[in-house]
Amino acid sequence: MSVVVEPTPEPEVRSSTGKPPPARGVLAFDVGGTDMKAALLDDAGDLHALVRIPTPRDERHPGDAIVAKVAALTGEYRARFPDCSIESIGFVVPGLVDEDAGIGIMSANLGWRDYAFTENITRATGLPVAFGHDVSIAGEAEMRAGAGRGLRDVVMMVIGTGIAAAVFCDGRRVRAGGYAGEIGHAAVPGGFACPCGAAGCLETVGSAGAITRRYSELSGSPVSGAKGVLEAARRGDPHAVQVWDDAVDALAFSICQLSAVLGTEAVILGGGLAQAGPALLDPLRERVKSGLSFHRVPHLTTSVLGQDAGLIGAGLRARDLVAGP
């Protein structure tokens with residue numbers, strides 16, 4: 001593969017620390033369906049020079065476009081921090097992945113299939129790569145440094161355009177060859193036909209994307225995301241109330257299933273919908289509790305690390321890759 005390094009177009013840049021540049025660090029990359037984030041992570045776990053850019057797109061070579069941008073950003077970090085020894089890269093993507101082989105098996109939204117990310121990024125940058133699934137690695141970060149710290153049986157559920165989860169049992173992440181955690185494509189009562197080909201998927205009712213879409217269909221009015229639906233529900237709009245209640249019911253059903261099967265002690269909610277706070281958590285807690293009997297009732301909470309959980313997790317994995325014995 002040939003990688004062309006191009007300048008980065010006007011990224012959004014922010015820093016989470018006022019500390020001086022580190023003497024050594026790792027680079028973390030979190031590729032999403034809309035945005036791609038990058039940062040330098042130091043030994044204390046602080047992020048330096050976080051950038052957010054539109055995720056590169058190339059219909060014919062989607063994986064190559066991502067690798068080219070990783071190479072470009074790596075060069076920019078090296079130039080910006082010339083006295084910092086950058087030792088490795090942590091890189092996470094959505095979709096199905098083979099973490100051990102470093103392959104992106106499939107991304108429905110971004111288009112790659114069986115793409116060798118680890119091999120190509122190492123070739124383009126000269127650095128070793130810790131590769132993983134975005135939600136799973138975000139879950140690992142929450143377990144190590146966030147809302148799951150000190151717990152052993154946890155599900156992190158990220159609710160955005162779709163829904164995905166990271167499942168931890170007895171302190172270990174359930175991987176199942178990259179197939180574990182696809183709770184968004186498990187059936188719930190009242191679910192609809194899903195683009196994945198199945199019927200009744202949780203994503204078709206409980207995701208932020210579904211909430212927005214269903215309200216527009218029922219009301220005939222466009223709305224600016226799930227937040228707009230929640231605001232309409234607070235005003236008493238019957239269509240908004242119905243859509244929001246259906247979403248909470250579907251999420252509660254899935255959480256009850258997880259509790260019955262796994263004995264989950266906590267569910268950490270992340271993604272855009274989690275920002276609804278008590279408007280989501282309060283009715284969700286009530287319905288989960290009423291849906292269980294002798295089972296362990298999981299503690300429901302929101303992500304501590306927020307939108308940077310995947311990025312922090314990628315950095316921690318990269319640091320583990322080069323850590324001494």
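Two strands are taken to pair if DSSP finds at least two bridges between them, and on this basis the predicted model contains an open sheet of five strands, in which the order is β12-β11-β10-β13-β14 and the pairing is mixed. The edges of this sheet are formed by β12 (172-173) and β14 (299-302), each of which pairs on one side only. Helix α3 (residues 134-145) lies across β10, β11, β12 and β13, and runs at about 45 degrees to β11.

The largest nonpolar core comprises 41 residues, of which M157, L251, L269, L273, L280 and L284 touch the most other members. Two or more residues are given to this core by each of β10 (154-159), β11 (163-169), α5 (208-219), α6 (225-234), α7 (238-262), β13 (266-270) and α8 (278-291), and the greatest contribution, 11 residues, comes from α7. When neighbours within four places in sequence are left aside, the contacts of L269 are M157, I159, A274, L280, L281, L284, T301, T302 and S303. Another core, of 29 residues, lies apart from the largest one and includes V51, V97, F117 and L127.

Strand β4 (residues 47-54) is largely enclosed by the rest of the structure, because six of its eight residues are buried. Its pairing with strand β3 (residues 35-41) is antiparallel and extends over six bridges, and K37 stands opposite R52 of β4. Five residues lie between the strands in the hairpin of β3 and β4, where G45 adopts a positive phi near 85 degrees.

Notes
Residues numbered from 1 in each chain as written. Predicted model: local features only at pLDDT ≥ 70, side-chain atom pairs only at ≥ 80, totals over all residues. Heavy atoms only, no water. Buried < 20%, exposed > 50% of the residue type's maximum accessible area, 1.4 Å probe, protein only. Helix = DSSP H or I, 4+ residues; strand = E, 2+ residues; numbered from the N terminus. Core = buried A, V, L, I, M, F, W, Y, C linked by side-chain atoms within 4.5 Å. Contact = heavy atoms within 4.5 Å. Axes fitted to C-alpha atoms, helices over the stretch in contact; angles between N-to-C directions.
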